[in-house]
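Here are my notes on the disulfides, as promised. Have the model open while you read.

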Amino acid sequence: MSPSRNPRRLALTAAAAALLTVAPIGVTAAQAQVTRVRQGSAADATRASWSGPAYTMNGSGGIVTASMTKAVDAIRGGTGAIDVVVIAGSGSGTPECDVITPLAGVNSCTTLTLTAASDGNNSQVNTDIRNAEFVYFAGGDQCRYVAWKGTALEASVESVVAKGGGVGGGSAGHHVNSDVVYDACTASATSSGALANPYDRSLTFTTGMFRWPNYAGTINDSHFVTRDRMGRTMAFVARAVKDGLVTGGKAWGVGVEEGASLFVDRAGRATLSGPSAYVVLGDHQPEVAVSGQPLTYTNFKIWKLTNGQSYDFANRPTCGYYLRSVRAGVPDAGLYSGTPVTDCSSTPPPPGGSTFAEVEPNDSRTAANDISGLTFPATVTGDMKSASDRDYFSLTLGSGQTLTVDCAVPSAYDADLYLLSASGSTLTRSVNDGAGADESVTLTRTASGSATYHLDLEAYSGSGTADYACVVTKS
């Protein structure tokens, strides 16, 4: 939940804007719920086609002129002018249109302030939206915005993108534009509370509202560094994966700092204007995500963007990230910075660990590569040389120790991960479907003494020389 927009006194001349109060059907003007303020031209721009879509994802409610200008230019294709609609759920001013209207290539900007869920079916509102080429959701309260799910407004906004226009938002308006929306309908989540209990009452989500091209599997967050929201985004991502709110077992948190904005072009490439933004990937099931218990999730992959840097949502990168974990509700230090993985051909070990490249033949338990002597956390690499290949690694685990193995599998093949006892019995396994689907297992030894265990990574379909990389952690 974000602070309400700052109300401003309306002082607009008839030449610059028209103030119109629109009453819903069956309601008198004195009871009107929608306020409409139009600035710029009174006539809509008309054109056969537009060159978008384009998007702006802002970390706070205000317009970032650098990204807004890029969106306007992308949609109009460098010529002509577009109409913009700003949708707000509260307030009486026009702060967004005050910035947008003077920009080159803007024909008009209309602020629509809607105060009820039923306003999503208001005919004037939907006419204005459908006639626009860009829709911006203002800051405020995203719970009000998700109440418009299933109304005509939802389809009207989607029609703008479909015709080559665009959409964006800041703060609450940023939240509503992701695939999974943190709606804050019961309370505003904090990082400490979300990590202590990822099923706290403040963590509520809405799905199935907007799904923009190239932006599937995302959960947006705002005011990111200033309000220390990395921890809660980690909890959002873990919940999305655990609860099946996303497909494919992966979720991407997109956290944008105050004053920053991601401009996303029609090809899915996001470029940052402003201080910082973060993409936080959870690509396996959480080790512990249970109501009333602290979160444990190892090896979130985090990409940090600074001004001018890009992230490709259409072809999501497999390197350039740094790793951070949460164990028993306690996050690693240095959440907002780290040394990125820059070599896409292999994954270096986490800080303090060591590496091991498989040595063939290791196709059976008796021929397993012994990795007991490594410094953990360690990274083990290898490949599936044939569609029937199996790679075995052995290690020991003491009483009370927890073993976690996270394997990044390349797109060349589908490989499954098994954790076996010394005698070969399967203790746990990870068999996610699809080439490039990552695998993860965890096990805590409760018996006394120590014992030998075997990791078995085996080809399910496909083969190739591209390396898998398994991060093996003992705690």
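1. The S-S torsion of Cys97 and Cys109 comes out at about -75°, so this disulfide is left-handed. Their sulfur atoms sit 2.0 Å apart; a disulfide here is a pair of cysteine sulfur atoms within 2.5 Å. The link connects distant parts of the chain, 12 residues apart: Cys97 is in helix H2 (residues 95–100) and Cys109 in strand E5 (residues 106–114). Helices (H or I, at least four residues) and strands (E, at least two) are DSSP runs, numbered from the N terminus.

2. A word on provenance: this is a predicted model, where local features need pLDDT of at least 70, side-chain atom pairs count only at pLDDT 80 or more, and totals for chains, interfaces and linings use all residues. Residues are numbered from 1 along each chain as its sequence is written, and side-chain values use heavy atoms, leaving out hydrogens and water.

3. Are Cys97 and Cys109 buried or exposed? Cys97 is buried at 0% relative accessible area, and Cys109 is buried at 0% too. (Buried means under 20% relative accessible area, exposed over 50%, partly exposed in between, with a 1.4 Å probe and protein chains only.)

4. Next, Cys143 and Cys185: their sulfurs are 2.1 Å apart, and the link is right-handed, with 110° about the S-S bond. Cys143 is partly exposed at 22%, and Cys185 is partly exposed at 36%.

5. Finally, Cys407 is joined to Cys470, S to S 2.0 Å. The torsion is about 110°, so this disulfide is right-handed. Both Cys407 and Cys470 are buried. The whole-structure search finds 3 disulfides.
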